[in-house]
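Visitor: I have this one open for the first time. Can you walk me through it?

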Amino acid sequence: MNSDDQAARRIELTLHKPWFALYAGIKPTLVIGGRGQPAQWGIGTWQVPAEETVVVGVYLFNRLWRFGRAEFALEPHHPPALVYRAPALPFLRGRIRANVSRPSQRS
């Protein structure tokens with residue numbers, strides 16, 4: 001193991017789209033530590049540094065503007081599960097929070 005390698009952990013992120021939204025065909029973009037990547041609605045897992053606070057953000061983009069933006073500073077002591085809820089209207093903010101009801105897979 002190199003000295004450049006750092007410990008990592010997996011987090012689970014659930015991305016919820018409202019059942020009624022005034023936009024269609026829009027997928028979320030996930031930003032972890034300043035690096036954006038496309039995502040899909042539903043449950044996904046990502047790798048983050050284990051011993052550092054990392055900012056996890058999500059936003060929606062419709063070719064004209066970004067909307068539904070939400071951020072969460074994930075600290076090492078937080079549970080490894082987050083939930084993002086997109087807004088129903090394309091000019092509102094989204095919400096992201098730790099999912100404390102999801103049991104940890106560690107024993």
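**Strands and sheet**

Guide: Along the sequence, the chain follows the pattern β-β-β-β-β-β-β-β. This is a predicted model, in which local features need pLDDT of at least 70 and side-chain atom pairs count only at pLDDT 80 or more, while totals for chains, interfaces and linings use all residues. Residues are numbered from 1 along each chain as its sequence is written, and side-chain values use heavy atoms, with hydrogens and water left out.

Visitor: How many helices and strands does the chain have?

Guide: Zero helices and eight strands. Both are DSSP runs numbered from the N terminus: helices are H or I with at least four residues, strands are E with at least two.

Visitor: Which strands form the open sheet?

Guide: Four strands form it, in the order E4-E1-E7-E8, with mixed pairing. Two strands pair if DSSP finds at least two bridges between them.

Visitor: And which strands stand at the edges?

Guide: Strand E4 (42–49) and strand E8 (95–98) do; each has a single partner strand, so one side of each is left without a neighbour in the sheet.

Visitor: How many bridges join E7 to E8?

Guide: Four, and E7 (residues 81–85) and E8 run antiparallel. Arg85 has Arg95 in E8 as its bridge partner.

Visitor: Switching topic. Why is E2 described as largely enclosed?

Guide: Five of the five residues of strand E2 (residues 28–32) are buried, so E2 is largely enclosed by the rest of the structure. Buried means under 20% relative accessible area, exposed over 50%, and partly exposed in between, using a 1.4 Å probe and protein chains only.

Visitor: Which residues are on each side?

Guide: Pro28, Leu30 and Ile32 are on one side of E2, with Thr29 and Val31 on the other.

Visitor: What does E2 pair with?

Guide: E2 pairs with E5 in the antiparallel sense over five bridges, and with strand E3 (residues 35–38), also antiparallel, over four. Val31 has Gly57 as its bridge partner in E5 and stands opposite Gly36 in E3.

Visitor: What sits between E2 and E3?

Guide: The hairpin has two residues between the strands, and Gly33 takes a positive phi near 60 degrees there.

Visitor: Which residue has a positive phi although it is not a glycine?

Guide: Arg63, with a phi of about 75 degrees. Most residues other than glycine have a negative phi. Arg63 is in the loop between strand E5 (54–61) and strand E6 (66–74).

Visitor: Is Arg63 buried or exposed?

Guide: Arg63 counts as exposed, at 77% relative accessibility.

Visitor: What share of the chain is buried?

Guide: Buried residues make up 39% of the 107 residues.
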